[in-house]
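Here is a walk through one protein model, taken a region at a time. Keep the viewer open and follow along.

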Amino acid sequence: MNQSTEMRYLGATLYPLLGVEKEVYRFRILKLTEKIPKDNNQPIRLQRWADKLWREELFCPVYPTKRFGYPAFLIPNGNSPEAGKRFEIKDVPDKVYFIEVTEETLDVKIEDAIGKERELVCRMLERPFTDKFKSLDDKFWRSNWTLFFNQIPENEGVSTDIVNAYRGFKFGVVYLEGDGFYFAADIRTRYVGKKSLADYKNEKNEILKQHTDLTINDEKRAFFLRDNGTVKIPCRYVGTTGKMIDQYTVKDLGKTVYEYYCQNYPQLKISPHEEAVFVKDRLEKDKFIAVPISRLFPIFTTEYEGLRKCSIRPQLSPDERVKIISSLIKELSGVEYENKPVEIKQEYLKRERTVFIPPNLEYGSGEFLQAFPNSNNFHTTSKIFDDKVTQWGRSKLSSLYTNKSYSQFPFPDTILLYPETLERPVRETFLNDLKEQIKQQTGLDYSVVLQRSYSTGKKERSGSSLLQKLKEIKSETKNNTLIIVVLWNGLLDSVHREIKDTIKPHFSQCVKEKVVNNIVNGKDSRAISQLQNLALAVFTEVGGKPWVLSNLNHDLHIGIDLLYGNIGYHFLYGTGGRLVDRQFGEYISKYRMKEAIKKPELKKRLTESIRTIVDEKKLQINNMIIHRDGRWWPSESSALRQTIKKLQEENILPENFSCAVVEIRKNHLPIRLFTAVEEKGRKFLQNPIFGTYLILDKKRVILSTTGRPGEWDNRGKTANNLLLEIVETIGDLKIENIAEDAYRLSHLNWNAPNIEIALPVTIRWTDEALRANFHSPFEDEEENDEEIEDEDD
């Protein structure tokens, strides 16, 4: 197709925001009146206090600031209480701090704003839109300050659906460097059971286990929606009062729950004889509220089987998504900011497409997979470009069969442990198929030196026979042995963790019995895919690399993640990051927040690893990028800078060494990227080709690491994306090069080559290693655990 008749542009759910431009934006300064310890916990403590002031006292954005050299906070001046007002903060037992509103203000130009100040300006500009939505309470109910749902579910009147599907509007304000303010928007879908908690009887323990099981940490329990008519509030169940609503008196009100509801929600038909239960609202974590059990409706994710036949699917194509956004923007007429009209222009962002070229992948015998092997002259605006990139993505596995794996080494001895229910012909066929598959992919031979069975039956659901056999095998074999465990179909899910813990430090790979049977007996593409992916999983478990990257822009990448009080590190270095080291450390969790990594721990880990790479492996490091899953704290910056300075003094690192720390987030701004196509007189939207990116400013970039134009459009799906934010820089590094490396590192999807992975392996591998090696008696410690998981992809 001639390029002149076909064009592809970058599109984004960003809409020009008119009427908010100002010379300066004014903040009010709040000061801490008492001294606060200058330790590693200070930034964490100040952030916690800012969150408390925002959500419980001021109900406006509050950000801690280091601008003045002393602990202080900034708030929009228009939301400020009178000067002299003080807020009491109880941080630890018997310790009280006071934060005072001063008369001082700070005027900031948006282009000169530093740190979180630019973000605070954007939060200021969001408030008028929040107020507008709140005034439309007959049409929308509020989930949080920037997320509102339609009062009427999309599937109203569909009697066969067992849930109500509410479409929601997530919005924000974003400043694009040199281009002004934009209104960011996206669509969410929330699924709420049609039956209330009172209506669940025999199936309650099974369907609502994650909602009502009091052995689950209450901050990890699934949400209910407290439906009080037009007022709908997400909350968590925390127990029963043991009384009926006409018996339980709310002390602060001097009324029973029944009297309160009759007075405030007379339109609701509530029986005085129904049970009163305790809940905790999403933001008021320390306050128990007694409510009627009939007003609690469970919020479900798509993991719930009852959603599979719902008439409203969670996914939306780019065209559908933009159409719904446009209709909701129309509701936002008449909005004012500081008594001046504000307009959202009904034109999504459209500009020249920016997309990274897929990396060259190296296989065995020095063979490469390249998207554009014969030319560097390609047009990213053409369909031909998209077709070649898509074909490149689909060729990873076929290139492996043709060229064999990059890694070549003697395969370790293999032991098979299987349930007695697995028939011998199936077992032998499975082993032969797996052996042949590994041979085809890698060119390597592997041999099973021992096979043992374990008992099954009702008494073996906890895997006692299996675990005993594993202990026996472990005591009889050397450490570099691979143990493949076929999991009996009747085993409890929790046994898998015990298996991994028991087998360490041997290599191990588990596969379910039903998968083995499907591989042997199935003749469909699913069976073939299962066998291919299992062979790859076995190969990578013993340290094999199916392919590697030919190059990266930076010498060293470090992935850091935290889980269960442990720190995971992955160091990728050498040509294309093909040399990989994995390490673990410990941190201390306090105040139910993610703790900063202790300075001595981080300094020790970085110093020892970098010194080993340079001194022992004789590799020069001129620059490095740290990928952080979560927040990077000031104390960690201090540790990093001290480490670099020390290593420069020892001539381990050069004087012109450069470094950047990048926070990588899957949950972030309500921005979707897509491709705007103009073709043969038609205009339509498609999913972004993977590698598409949008630079917001010098510190932030939106990156799509997944996306299949055509295929996903037909399935009514829009690709998610990542937000990469540079939070620390030393030296001169370009954000485009940093983003390109993150994109390239998402293509080491060895275990499932036909499925793109969202995160770079620096983060993905670190998270997987932490989950494989550590576990907690409590629920996962995830950041942002107060966010409700809405379906949006």
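Let's start with Lys350, which is partly exposed at a relative accessible area of 37% (buried means under 20%, exposed over 50%, and partly exposed in between, with a 1.4 Å probe and protein chains only). Before going on, note that this is a predicted model, where local features need pLDDT of at least 70 and side-chain atom pairs count only at pLDDT 80 or more, while totals for chains, interfaces and linings use all residues. Residues are numbered from 1 along each chain as its sequence is written, and side-chain values use heavy atoms, with hydrogens and water left out.

Back to Lys350: its salt-bridge partner is Glu678, and the closest N and O atoms are 2.5 Å apart (a salt bridge here is a side-chain nitrogen of Lys or Arg within 4 Å of a carboxyl oxygen of Asp or Glu). Lys350 sits in strand 22 (residues 349-352) and Glu678 in strand 35 (residues 673-679), so this pair ties together parts 328 residues apart in sequence. Helices (H or I, at least four residues) and strands (E, at least two) are DSSP runs, numbered from the N terminus. Glu678 is also partly exposed, at 23%.

Arg641 and Glu728 make another such link, with their side chains meeting at 2.6 Å, N to O. This pair joins distant parts of the chain, with Arg641 in helix 15 (residues 634-649) and Glu728 in strand 39 (residues 722-730), 87 residues apart. What about exposure? Arg641 is partly exposed at 41% relative accessibility, whereas Glu728 is buried at 11%. For another pair, look at Glu320 and Arg313, whose closest N and O atoms are 2.9 Å apart in a salt bridge. Glu320 is partly exposed at 31%, and Arg313 counts as partly exposed at 34%. Over the whole structure, the search finds 49 salt bridges.

Two strands pair if DSSP finds at least two bridges between them. Strand 34 (residues 658-665) runs antiparallel to strand 39, and seven bridges join them. For one of these partners, pick Ala660 and look across to Thr729 in strand 39.

On a 1 Å grid over the protein atoms alone, a cavity is a set of points where a 1.4 Å probe fits but cannot get out, and a pocket is an open set with protein on both sides within 12 Å along at least five of seven lines; lining residues have an atom within 4 Å of a point. Grid points are joined across faces, edges and corners, and a volume is the space filled by probe spheres set on the points.

The second largest pocket has a volume of about 1800 Å³. It is lined by 43 residues, and the closest to its centre are Lys500, Glu541, Asn751, Glu768 and Ala772. Which element gives the most to this lining? Helix 18 does, with seven residues. The lining divides into 17 nonpolar, 15 polar and eleven charged residues (Ala, Val, Leu, Ile, Met, Phe, Trp, Tyr, Cys and Pro count as nonpolar, Asp, Glu, Lys and Arg as charged, and the others, Gly among them, as polar).

As for cavities, the search finds three of 30 Å³ or more. The second largest cavity holds about 40 Å³ of space, and its lining divides into eight nonpolar, two polar and two charged residues. Among them are Trp547, Trp750 and Trp765.

Most residues other than glycine have a negative phi, and most peptide bonds are trans. Lys504 and Pro505 are joined by a cis peptide bond, with omega about 5 degrees, and Pro505 lies in the loop between helix 11 and strand 28. Ser365 has a positive phi near 60 degrees and is exposed at 77%. Lys618, not a glycine either, has a positive phi of about 55 degrees and is exposed at 67%.
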